[in-house]
Amino acid sequence: MDHAQARPSVARIRDRPEPPDPPPAVAPAAFWRQAAQIATVGIFLIMFGAFLDLARALLLPIVCAAVVGTMLGPLGQMAARRRVPAWAFALAAVGFFLLFAQVIAAMVMAPLVDWIGRMPELAGILRNKMAALERGMAAFQSLQSVFGHVNSGLSIDLSALLQPTVAFLSPTIGELLIFLTTLFFVLLDRADLRRHMILVFKDQEDRLSVIRIINDLERNLSRYIGTVTVINLGVGAITAFGAWMLGFSSPVLFGALAFVCNYVPYIGPAVIVVVLFAAGLVSFPSLAYAAVAPLLFVALTTIEGHVVTPNIVGRRLTLSPLAVFLSLAFWTWLWGPVGAFLSVPFLILGLVIVRHLFGEDEGELPE
């Protein structure tokens, strides 16, 4: 009886159709469609990067003026509440930048011209001290092509030394004029530009999101530039005082360089370390004494970067060191030293937009 009932069950199991094979994870047509979309995005990014590079002379001062104008947005609001005309505020801002540039140039150029005038003497001193390290240094021979041979006199090709530096650090007069003119009109038409950006969107919720993004961006950028400026003033003052205490002949020069270069993360302090060490080599009798100033500056910037700045700026504006480094590397490669200055504001801009479009909170940067 049991065997007779089991046979139909086995037959029914055998008669059941086998389950169909699972479909492939991605159909070939869908795969190639996704690959085409990714390739399109990649081609667009490459072409956009090439456009940024080719149009650097025009785009760089315009973008820089737009970023600086956004940083000055809260000050523009304060001036408007006190019934200061927009043209007066814009003119004062442009005049301040011109005065600031002249002060920095005066603080840097006067000692720099003196050092350039003493270049043959300083190069001879540097050559004599570097000769002590000549053993095992194949790179010493490359210095001879720059410093020449010290026989009865020393000849140095100053153009070979200064031309790359000037080409790298000095913006052209045309770019400076474009920057100042664009900054003036950005500050003058700030309210109209803001209104036009908001009215581009039709939906009320989208307009509110744009308003929140603009307000948050202005607040964070102004907080960043204000905080960094105050900190850099302190770094420059401490550097100048330390250079004076150590016996450098031009402490104001090193203080001004530290103030300006500290706006560029990583690269700026590294430049100051090299400058202090080179100046120490020609100013002090031993290599150990020449290394004191660079080591003290490294300690100063370490305390500033890991203790002072995070505590003053706050956790909400603390950016990932990796993100800062990658942004710095990209924009320095693309737009040079001005791009290095703009790398952190660009990173803040991206974080603000991502936070408001994909985050939950409104108003502050993500940690």
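Six is the number to start from: the count comes to 6 salt bridges, a salt bridge being a side-chain nitrogen of Lys or Arg within 4 Å of a carboxyl oxygen of Asp or Glu. The structure is a predicted model, in which local features need pLDDT of at least 70, side-chain atom pairs count only at pLDDT 80 or more, and totals for chains, interfaces and linings use all residues. Residues are numbered from 1 along each chain as its sequence is written, and side-chain values use heavy atoms, with hydrogens and water left out.

Helices are DSSP runs (H or I, at least four residues), numbered from the N terminus. In helix α10 (residues 190-199), R195 and D192 sit 3 residues apart, about one turn of the helix, and they form a salt bridge with the closest N and O atoms 2.7 Å apart. R195 is partly exposed at 43% relative accessible area, and D192 is also partly exposed, at 36%; here buried means under 20% relative accessible area, exposed over 50%, and partly exposed in between (1.4 Å probe, protein chains only).

Helix α11 (residues 204-246) holds D216 and R219, again 3 residues apart, about one turn of the helix. Because an α-helix has 3.6 residues a turn, residues three or four places apart point the same way. The D216 and R219 salt bridge has its closest N and O atoms 3.2 Å apart. D216 is buried, with 0% relative accessibility, whereas R219 is partly exposed at 33%. Salt bridges with shared partners also link R190, R194 and E218 into one network. A further salt bridge joins the side chains of E205 and R212, at 3.8 Å from N to O. E205 is partly exposed at 45% relative accessibility, and R212 is partly exposed at 29%.

Beyond its neighbours within four places in sequence, L187 is in contact (heavy atoms within 4.5 Å) with G69, L72, A86, F89, A90 and A93.

One of the contributing helices, α12 (251-261), has 8 of its 11 residues buried, so it is largely enclosed by the rest of the structure. Its buried residues include F254, A258 and F259. In α16 (residues 321-358), S327 is buried at 10% relative accessible area. S327 touches S343 and L347, leaving out residues up to four places away in sequence.

The surface carries a nonpolar patch too, formed by Y266, I267, V271, L322, F325 and L326, with about 580 Å² of accessible area together. Patches are made of residues with over 30% relative accessible area and no salt bridge, with like charges joined within 9 Å and nonpolar side chains (Val, Leu, Ile, Met, Phe, Trp, Tyr) within 5 Å; accessible areas come from the Shrake-Rupley method with a 1.4 Å probe, and for residues only the protein chains shown count as cover. α16 gives the most to the patch, with 3 residues. Y266 lies in the loop between α12 and α13 and is partly exposed, at 44% relative accessible area.

Note on methods:
Helix = DSSP H or I, 4+ residues; strand = E, 2+ residues; numbered from the N terminus.
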